[in-house]
Amino acid sequence: DVQRMLDSFWQRLTQPSTRQDALKTLGCHEDASPAAVKKAYRRMAARHHPDRGGKQSDFIAIRKAYEAL
């Protein structure tokens, strides 16, 4: 089971469309560093958090994009 999960993780990570979509959702360039991605995620999450008046669906999309990266 662990090997299957690891294989699935690496397949999702290397799929260009998933990575491209995730970067686009967070507003990052393709060559963004991990620190820049994290900063963009935190900024977007704070802006769209449901407790701060944002939409839950937007927040979930932002969280999934960050998890994909």
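## Basis of the report

Helices (H or I, at least four residues) and strands (E, at least two) are DSSP runs, numbered from the N terminus. This is a predicted model, in which local features need pLDDT of at least 70 and side-chain atom pairs count only at pLDDT 80 or more, while totals for chains, interfaces and linings use all residues. Residues are numbered from 1 along each chain as its sequence is written, and side-chain values use heavy atoms, with hydrogens and water left out.

## Helix H4

Helix H4 covers residues 56-68, 13 residues in all. From its first C-alpha to its last it reaches 18 Å, close to the 18 Å expected at 1.5 Å a residue (the expected span is 1.5 Å times one less than the number of residues).

Phe59, Ile62 and Ala65 are the buried residues of H4 (buried means under 20% relative accessible area, exposed over 50%, partly exposed in between, with a 1.4 Å probe and protein chains only). Seen down the axis of H4, these buried residues fall within an arc of 125°, so they line one face of the helix (the arc is that of the directions from the helix axis to the C-beta atoms). The face of H4 turned away from the buried side carries the exposed residues Gln56, Lys64 and Glu67.

## Salt bridges

The whole structure holds 2 salt bridges (a side-chain nitrogen of Lys or Arg within 4 Å of a carboxyl oxygen of Asp or Glu). In one, the side chains of glutamate 67 and arginine 63 meet at 3.3 Å, N to O. Both residues lie in helix H4, 4 residues apart, about one turn of the helix. Arginine 63 has 31% relative accessibility and counts as partly exposed.

Aspartate 1 forms a salt bridge with arginine 4, and their closest N and O atoms are 3.4 Å apart. Aspartate 1 and arginine 4 are both exposed.

## A nonpolar patch

Val2, Leu6, Phe9 and Trp10 make a nonpolar surface patch of about 410 Å². Patches are made of residues with over 30% relative accessible area and no salt bridge; like charges are joined within 9 Å, and nonpolar side chains (Val, Leu, Ile, Met, Phe, Trp, Tyr) within 5 Å. Accessible areas come from the Shrake-Rupley method with a 1.4 Å probe, and for residues only the protein chains shown count as cover.

Valine 2 lies in helix H1, residues 2-14. At 60% relative accessibility, valine 2 counts as exposed.

## Arginine 43

Arginine 43 is placed in helix H3, residues 34-48. Its relative accessible area is 41%, so arginine 43 is partly exposed. Arginine 43 and leucine 26 are 17 residues apart in sequence, and their C-alpha atoms are 9.1 Å apart in space.
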